[in-house]
Amino acid sequence: MTNKGLYTLLLCMFSVLYSFSQKEKDSTSIALDQSPIIANKTLVKKEIDPLRPSKAAFYSAILPGLGQAYNKRYWKIPIVWGAIGAGVYFYVRNDKQFDRYRDAYKSRLAGFKDDEFYGLISDDGLIRAQEQFRRNKEMSLLITFGLYALNIIDANVDAHLLQFNVDENLSLSPHYQYNEMENTSDVGLTLNFKF
């Protein structure tokens with residue numbers, strides 16, 4: 001890819017991310033939640049977009065990290081790109097190594113003795129190296145597709161959880177208590193309901 005193409009791609013990605021950060025709510029797909037939220041002593045209804053999880057998953061399927069930008073989880077974008085980029089890197093690296101050993105083996109079968117591994121690796125060693133790099137290449141491809149799917153699932157689940165009702169009347173908190181009489185400590189979880 002040329003520098004001009006790379007700059008164009010980066011410009012398009014940043015403009016899409018900027019438009020997501022500046023985007024206003026679409027009033028046609030917004031429903032009101034049944035549970036009110038009290039803000040500044042006034043009753044406010046929480047808005048729910050039922051299509052938000054599917055939009056986030058769709059955006060992540062188009063471009064990895066775009067669903068995370070839609071959910072305003074910008075810190076996840078470098079992690080997604082790094083994970084998928086690492087999978088692609090290892091796939092390309094193993095493919096190049098596989099091609100090197102395959103070409104050397106083909107030249108030996110043709111009767112040439114001038115390959116880069118002549119005198120270092122036997123014919124059986126070249127066959128084993130080809131099998132190893134083919135297996136590594138396929139494993140890298142499988143892991144890359146798995147990370148791509150995980151990116152989509154993460155965007156979908158995160159969009160679902162953004163709409164989850166988190167109320168102050170329900171809390172789960174860890175507690176630690178030291179008993180001086182018995183010289184022991186208690187560790188546990190406390191579940192509080194407020195009516």
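How far apart are R102 and D99 in helix 4? They are three residues apart, so about one helical turn separates them. Helices here are DSSP runs of H or I with at least four residues, strands are DSSP runs of E with at least two, and both are numbered from the N terminus.

## The model and its overall make-up

Before going further, a word on the source: this is a predicted model, in which local features need pLDDT of at least 70 and side-chain atom pairs count only at pLDDT 80 or more, while totals for chains, interfaces and linings use all residues. Residues are numbered from 1 along each chain as its sequence is written, and side-chain values use heavy atoms, with hydrogens and water left out.

The protein has five helices and four strands. Read from the N terminus, these elements run α-β-β-α-α-α-α-β-β. Of its 195 residues, 24% count as buried, where buried means under 20% relative accessible area, exposed over 50%, and partly exposed in between (1.4 Å probe, protein chains only).

## Helix 4 on its own

After the helix comes G111, with a positive phi near 100°.

## Helix 4 against helix 5

Now to the neighbour. The axes of helix 4 and helix 5 come within 8 Å and cross at roughly 160°, which makes the two helices roughly antiparallel. Axes are lines fitted to C-alpha atoms, for helices over the stretch in contact, with angles from 0 to 180 degrees between N-to-C directions. Angles under 35 degrees count as roughly parallel, over 145 as roughly antiparallel, 65 to 115 as roughly perpendicular and the rest as oblique.

The crossing of helix 4 with helix 5 is left-handed, meaning that the near helix is turned anticlockwise from the far one by less than a right angle (clockwise would be right-handed). Their contact holds 17 nonpolar, eight polar and six charged residues. For these classes, Ala, Val, Leu, Ile, Met, Phe, Trp, Tyr, Cys and Pro are nonpolar, Asp, Glu, Lys and Arg are charged, and the others, Gly among them, are polar.

## Salt bridges

A salt bridge is a side-chain nitrogen of Lys or Arg within 4 Å of a carboxyl oxygen of Asp or Glu, and by this rule there are nine. One of them joins R73 to D158, with the closest N and O atoms 3.1 Å apart. This pair ties together distant parts of the chain, 85 residues apart: R73 sits in the loop between helix 3 (66–70) and helix 4 (77–109), and D158 in helix 5 (residues 123–162). R73 is partly exposed at 26% relative accessible area, whereas D158 is buried at 9%.

R102 is partly exposed at 28%, and D99 is partly exposed at 24%. R108 pairs with D115 at 3.1 Å, N to O; R108 is buried at 14% and D115 at 11%.

## The loop between the two helices

S122 lies in the loop between helix 4 and helix 5 and is partly exposed at 43% relative accessibility. Its C-alpha atom is 10.0 Å from that of R108, 14 residues away along the chain.
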